[in-house]
Amino acid sequence: MKKLRVVGSGLAGAEAAWQLARHGLTVELIDIKPGRMTPAHSSIYPAELVCSNSLKSDDPHTASGLLKREMRQLDSIVLAAADASSVPAGSALAVDRSAFAKEVKRILDQTGLIIWREEEFTSLPADDENIEDDCLTLIATGPLTTDALMQSMAREWGDMLHFFDAAAPIVSEESLDPDHYFAASRYGKGSADYLNCPLDKETYLAFREALIAADKAEIKEFDRKVFEHCQPIEELAERGEDTMRFGPLRPVGLEDPRTRQTPYAVLQLRREQSSGGMYNLVGCQTRMTFKAQREVFGIIPALRKAEYLRYGVMHRNHYIKGPQVLTWGNRVKSQQTLFLAGQLTGVEGYMESAASGLITARQMALIAAGMPAEECKVLALPNTTMLGALTNYVISSDSVDFQPMNANFGLLEYAEGYKAKRKRERKEQAILMSDHFMGEWLDLYNSYCLRYGLDVERS
Ligand SMILES: Cc1cc2nc3c(=O)[nH]c(=O)nc-3n(C[C@H](O)[C@H](O)[C@H](O)COP(=O)(O)OP(=O)(O)OC[C@H]3O[C@@H](n4cnc5c(N)ncnc54)[C@H](O)[C@@H]3O)c2cc1C
């Protein structure tokens with residue numbers, strides 16, 4: 001059996017290490033943390049959620065929910081920990097980020113198969129180094145991979161691609177003005193999980209003007225390549241008077257119990273941990289200076305005296321040219337023994353990164369047990385599943401402008417017999433199709449496990 005090492009204990013790396021360990025394989029899990037941290041990481045635990053505590057919708061009729069459903073079928077540690085640490089958030093799966101990360105660590109430790117190593121990985125291993133050590137390496141160092149390793153990748157594979165991603169501020173509950181918010185979920189779905197801060201027209205317009213005029217933090221080489229789903233709130237304000245009202249500040253489905261009316265606009269606050277105490281300003285990722293954040297968000301009545309537990313920040317995120325560098329199984333084309341996973345490969349989002357770690361590790365487990373790397377193609381998940389469509393996009397996209405990708409229904413290929421005309425029915429069909437093809441794939445995967453002597457019970 002080959003030696004296995006996973007570099008990066010983030011969403012992808014932690015999920016990958018678990019998938020390897022649950023096949024009974026020992027894994028070295030290497031991270032620069034906790035001795036040194038990237039600009040966005042601060043926790044000593046693995047699987048750190050650096051920004052929002054929401055893992056998005058859990059409803060399988062959404063792309064993100066369907067991805068979760070498939071990952072649960074594949075025994076994802078990220079979802080097991082999320083289910084154990086969830087906080088109420090309507091139909092979204094949101095977690096207490098500290099409890100979540102501790103649960104991931106606990107489950108990993110319980111396997112007794114994880115060797116934790118604190119170390120900065122500074123260069124790509126050459127294939128012959130890995131072969132000499134009889135070792136497979138998976139690199140999942142994420143969008144904020146440290147400079148030395150990134151330069152090594154750029155030397156090997158050409159310049160890295162990048163985009164900017166921003167995080168929203170977190171405020172303390174006790175500093176909010178209860179006279180200016182109400183608890184409710186949109187359309188009354190589920191329990192009243194969000195604190196909603198209503199804005200009248202005058203306040204909304206003043207807030208918009210202040211966002212546009214505010215001082216923004218100077219970010220090295222900021223070139224406005226911002227991921228579409230993570231636009232800073234001030235960029236949305238600039239797009240048009242109503243852009244925020246149709247976006248993160250939309251009031252639909254929310255009625256202020258004091259006026260019995262739908263407010264002009266609503267800023268929602270989402271709970272950060274089950275005990276309350278900390279709230280995230282939903283959709284308010286920003287690159288305003290810290291002083292400007294206090295002033296501009298202070299225009300919202302409920303936030304006049306808000307205490308900021310974490311300010312919003314923006315970072316440059318790197319990823320490789322997936323289709324040029326990677327082949328089936330997320331293996332590096334030019335090397336038999338090197339794999340990549342997570343956001344570094346061109347998927348975007350917490351769940352997508354974990355999903356990429358999950359599927360890559362399942363292929364690696366078989367290669368470690370003796371399967372030739374070329375067989376990864378046979379074991380690729382089909383595009384009729386969300387997980388397959390997402391991971392196949394990363395290695396096979398023919399776009400000239402390769403962009404990071406979230407799970408979405410546009411990626412799915414509808415098999416004969418699963419095509420429906422109406423939108424709602426299409427989503428029902430997508431769930432049925434996913435269940436069918438995931439079941440077929442699991443049978444195939446298990447037969448490979450048997451062939452290569454891996455424990456099927458564990459697979
Ligand atoms: C500021 C910011 C905000 C974001 N907000 C969201 C959000 O709200 N929702 C969402 O879904 N996604 C968000 N993302 C995007 C993305 O989904 C996350 O970054 C996700 O954590 C990526 O998972 P990963 O496993 O690929 O990388 P990470 O989770 O970043 O894990 C990488 C790990 O590798 C370690 N590492 C880095 N370099 C080295 C090295 N050279 N040697 C050893 N270890 C190293 C790091 O310490 C880290 O633990 C955000 C990203 C950023 C940067």
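What follows is a chat about this predicted model.

Student: Let's start with the ligand. Which residues come nearest to it?

Tutor: Asp31, Thr146, Gln343, Gly349 and Tyr350 come nearest, out of 33 residues around the ligand.

Student: And how much of the ligand does the protein bury?

Tutor: A backbone N or O atom of Leu11 sits 3.1 Å from an oxygen atom of the ligand. The side chain of His41 has an N or O atom 3.3 Å from a ligand oxygen. For Phe121, a polar backbone atom is 2.9 Å from a nitrogen atom of the ligand. As for the area, the ligand taken alone exposes 980 Å², and the protein buries 97% of that.

Student: Which elements give two or more residues to the shell?

Tutor: Those are helix 1, strand 15 (313-319) and helix 11 (350-368).

Student: How does the shell divide into nonpolar, polar and charged residues?

Tutor: There are 12 nonpolar residues, 15 polar ones and six charged ones in the shell around the ligand.

Student: Back to helix 1. Why is it described as largely enclosed by the rest of the structure?

Tutor: Because 11 of its 11 residues are buried. Among the buried residues of helix 1 are Leu11, Glu15, Trp18 and Gln19. Leu11 also has the backbone atom 3.1 Å from a ligand oxygen.

Student: OK, new topic. How many salt bridges are there?

Tutor: The count comes to 15 salt bridges. Side chains of opposite charge can pair when their charged atoms come close.

Student: Give me one. What does Arg22 pair with?

Tutor: Arg22 forms a salt bridge with Asp75, with the closest N and O atoms 2.8 Å apart. The two belong to distant parts of the chain, 53 residues apart: Arg22 is in the loop between helix 1 (11-21) and strand 2 (27-31), and Asp75 is in the loop between helix 2 (63-73) and helix 3 (77-84).

Student: Is Arg22 buried or exposed?

Tutor: Arg22 is buried, with a relative accessible area of 11%.

Student: What about Glu28, which residue does it form a salt bridge with?

Tutor: With Arg117, where the closest N and O atoms are 3.0 Å apart. This pair also links distant parts of the chain, with Glu28 in strand 2 and Arg117 in strand 6 (residues 114-118), 89 residues apart. Glu28 is buried at a relative accessible area of 14%, while Arg117 is partly exposed at 29%.

Student: Why does Ser172 count as buried?

Tutor: Because its relative accessibility is 4%, and buried means under 20%. Not counting residues up to four places away in sequence, Ser172 touches Gly277, Glu307 and Leu309.

Student: And Cys230, where is that?

Tutor: Cys230 is in the loop between helix 7 (201-213) and helix 8 (233-239). It counts as buried, at 14% relative accessibility. Leaving aside neighbours within four places in sequence, Cys230 is in contact with Asp165, Ala166 and Gln285.

Student: How far apart are the C-alpha atoms of Cys230 and Cys284?

Tutor: They are separated by 9.1 Å, and the two residues are 54 residues apart along the chain.

Student: Last one: which residues is Glu103 in contact with?

Tutor: Ala81 and Ala84, leaving aside neighbours within four places in sequence. Glu103 is in helix 4 (residues 97-111) and counts as buried, at 17% relative accessibility.

Note on methods: Residues are numbered from 1 along each chain as its sequence is written. This is a predicted model: local features need pLDDT of at least 70, side-chain atom pairs count only at pLDDT 80 or more; totals for chains, interfaces and linings use all residues. Side-chain values use heavy atoms; hydrogens and water are left out. A salt bridge is a side-chain nitrogen of Lys or Arg within 4 Å of a carboxyl oxygen of Asp or Glu. Helices (H or I, at least four residues) and strands (E, at least two) are DSSP runs, numbered from the N terminus. Buried means under 20% relative accessible area, exposed over 50%, partly exposed in between (1.4 Å probe, protein chains only). A residue is near a molecule or strand if one of its heavy atoms lies within 4 Å of it. A polar contact is a pair of N or O atoms within 3.5 Å; within protein, one must be able to donate a hydrogen and the other to accept it, and residues adjacent in sequence count only if both atoms are side-chain atoms. Accessible areas come from the Shrake-Rupley method with a 1.4 Å probe; for residues, only the protein chains shown count as cover. Ala, Val, Leu, Ile, Met, Phe, Trp, Tyr, Cys and Pro count as nonpolar, Asp, Glu, Lys and Arg as charged, and the others, Gly among them, as polar. Contact means heavy atoms within 4.5 Å.
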